[in-house]
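Hi everyone, thanks for coming along. Today I'd like to walk you through some charged side chains and who they pair up with. Let's bring the structure up.

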Amino acid sequence: MTRLIQAAQISVLLSGAAVAQTIDYKGYVLGPDDSVQVIVYGQSEFNVTTRVKADGTIVMPLIGIVKASGETNITLAKTITDKLVAGGYLKEPLVNIEVGSYISRSVNIAGAVTAPGIVPLDRPYHALEALLKAGWVRNDGATFVYLRRQGQPERKLDVEQLVRGEANSDPLLVPGDTLFVPPAETFFIYGQINAPGMKGILPGMTIRQAIALSGGVSPSGKADKVGLVRANGKEIDADPSMKVQNGDVIIIKERLF
């Protein structure tokens with residue numbers, strides 16, 4: 001519930017920021033497999049709904065092959081207008097292009113989000129906006145997200161920094177990017193503790209905070225007598241100020257009377 005409320009608040013904040021982000025946006029750039037609807041008003045014989053072919057072209061009645069890849073709906077409309085006039089078919093045609101499906105420019109959203117899948121880049125999207133479009137991070141998701149971009153090292157984005165809008169924390173996405181939200185990092189706590197079990201790790205959480213999150217030490221336990229088991233399987237004596245790591249097993253020992 002908290003993350004749903006948080007997502008709603010973010011949407012309000014983004015409504016003002018979206019204008020600044022898209023000032024230089026010239027329109028969606030068409031590519032192979034995008035579908036377009038060409039409408040010549042008053043001249044229905046020229047109207048066509050088609051898909052941009054692998055070579056980046058579409059085929060129009062009478063005027064034939066038209067290059068569409070790399071064009072926006074505005075520039076493609078002008079190209080078709082010029083060809084209709086140059087061919088002597090129409091004197092002052094009014095041409096409009098509607099993009100039906102955005103296939104060539106998209107990003108993938110995967111992992112612990114409400115609606116994973118493909119998000120078309122019908123306009124510029126930052127990571128935060130794409131996560132919102134995918135329904136936001138689920139309650140069982142991590143507090144970070146991985147950005148994977150071809151030819152570049154994987155980048156770890158902190159969800160809280162995305163929400164706060166900190167500088168350079170919310171990158172602009174490019175076609176082919178993948179945002180992956182892994183499952184939440186967890187630890188297990190048992191022994192002389194009031195609420196044993198598996199818990200989620202909060203950012204920067206210490207063992208002392210983990211004990212507090214788990215209801216505190218029971219009357220027969222001692223907060224400064226803690227065992228810790230990590231990946232190597234060996235139990236060590238833990239300092240309560242130590243940071244909790246994914247997969248930690250925390251053992252609250254019994255008080256010696």
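Let's begin at E160, which is partly exposed, with a relative accessibility of 41%. Keep in mind as we go that this is a predicted model. Which residue does E160 form a salt bridge with? The partner is R164, and the closest N and O atoms are 2.9 Å apart. R164 is exposed, at 57% relative accessible area. Both residues sit in helix α4, 4 residues apart, which is about one turn of the helix.

Why might such side chains find each other at all? Side chains of opposite charge can pair when their charged atoms come close.

Now please look at helix α2, residues 73-86, which holds both D82 and K78. Here, too, the two are 4 residues apart, about one turn of the helix. Their side chains meet in a salt bridge, 3.0 Å from N to O. D82 is partly exposed at 38%, while K78 counts as exposed at 53%.

My last pair is R149 and D177, whose side chains meet in a salt bridge at 2.7 Å, N to O. R149 lies in the loop between β8 and β9, and D177 in the loop between α4 and β10, so this pair ties together parts that are 28 residues apart in sequence. Is D177 buried or exposed? D177 counts as buried, because its relative accessibility is 1% and the limit for buried is under 20%. R149, on the other hand, is partly exposed at 21%.

How values were computed
Residues numbered from 1 in each chain as written. Predicted model: local features only at pLDDT ≥ 70, side-chain atom pairs only at ≥ 80, totals over all residues. Heavy atoms only, no water. Salt bridge = Lys/Arg side-chain N within 4 Å of Asp/Glu carboxyl O. Buried < 20%, exposed > 50% of the residue type's maximum accessible area, 1.4 Å probe, protein only.
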